[in-house]
Amino acid sequence: MSALAGCANQGTADSSPKEKIPATQTTILHSLDEIKWDEVKDPLIEDSMITKLKAAIAPFVSKDLDQFHAVLSPTVKTGHDYLLDQPVKFTGIEKAEKENEWIKIPVVGDLLEEKEGFSSDILYYFYLIQDKDGAWQIVSID
């Protein structure tokens, strides 16, 4: 089980309706997203896609299933929940590809193996498609 599991549910003394992650845990979680988002320059990747990808990476890091479900297309349901089982440090975005009406965006990182303390390369393909209103939706992750 991940050492970060449940971190998103740890509240602070703040009385706002949304619970916040304590500052020390926020630093740890943020360190697991090392993507230089402002350096992503790909003619197939629009700013709105980057916003969607950032919103999808955050639940990987915080292990927040509700947030993960909220960022995926409503047609996806819970089929990708297993992806949050492994702790991952995200490190970059590779060159996107167009496949029919889909844009396939490779996101790379390191799979952190807690038992052995080593990491190995990992690659997730995020598939985005525009909905009828022109908004980009994540419809699959491989």
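This is a predicted model: local features need pLDDT of at least 70, side-chain atom pairs count only at pLDDT 80 or more; totals for chains, interfaces and linings use all residues.
H2 covers residues 47-62. Its buried residues are Met49, Ile50, Lys52, Leu53, Ala56, Ile57, Pro59, Phe60, Val61 and Ser62. Just after the helix, Lys63 adopts a positive phi of about 60°.

The largest nonpolar core comprises 33 residues. Phe90, Ile93, Ile105, Tyr124 and Phe126 have the most contacts inside this core. Two or more residues each come from helices H2 and H3 (65-71) and from strands E1 (88-93), E3, E4 (118-130) and E5 (136-141). H2 gives the most, with seven residues. In soluble globular proteins, nonpolar side chains tend to be buried together.

Leaving aside residues up to four places away in sequence, Ile93 touches Ile35, Trp37, Val40, Ile45, Leu53, Ile105, Pro106 and Val107.

Glu101 lies in the loop between strand E2 (97-99) and strand E3 (102-113). Its relative accessible area is 46%, so Glu101 counts as partly exposed, the class between 20% and 50%. The side chain of Glu101 makes a polar contact with the side chain of Trp102, at 3.1 Å. Beyond four places in sequence, Glu101 touches Leu128 and Ile129. The C-alpha atoms of Glu101 and Tyr127 are separated by 10.0 Å, with the two residues 26 apart along the chain.

Notes:
Residues are numbered from 1 along each chain as its sequence is written. Side-chain values use heavy atoms; hydrogens and water are left out. Helices (H or I, at least four residues) and strands (E, at least two) are DSSP runs, numbered from the N terminus. Buried means under 20% relative accessible area, exposed over 50%, partly exposed in between (1.4 Å probe, protein chains only). Contact means heavy atoms within 4.5 Å. A polar contact is a pair of N or O atoms within 3.5 Å; within protein, one must be able to donate a hydrogen and the other to accept it, and residues adjacent in sequence count only if both atoms are side-chain atoms. A nonpolar core is a set of buried Ala, Val, Leu, Ile, Met, Phe, Trp, Tyr and Cys residues joined through side-chain atoms within 4.5 Å.
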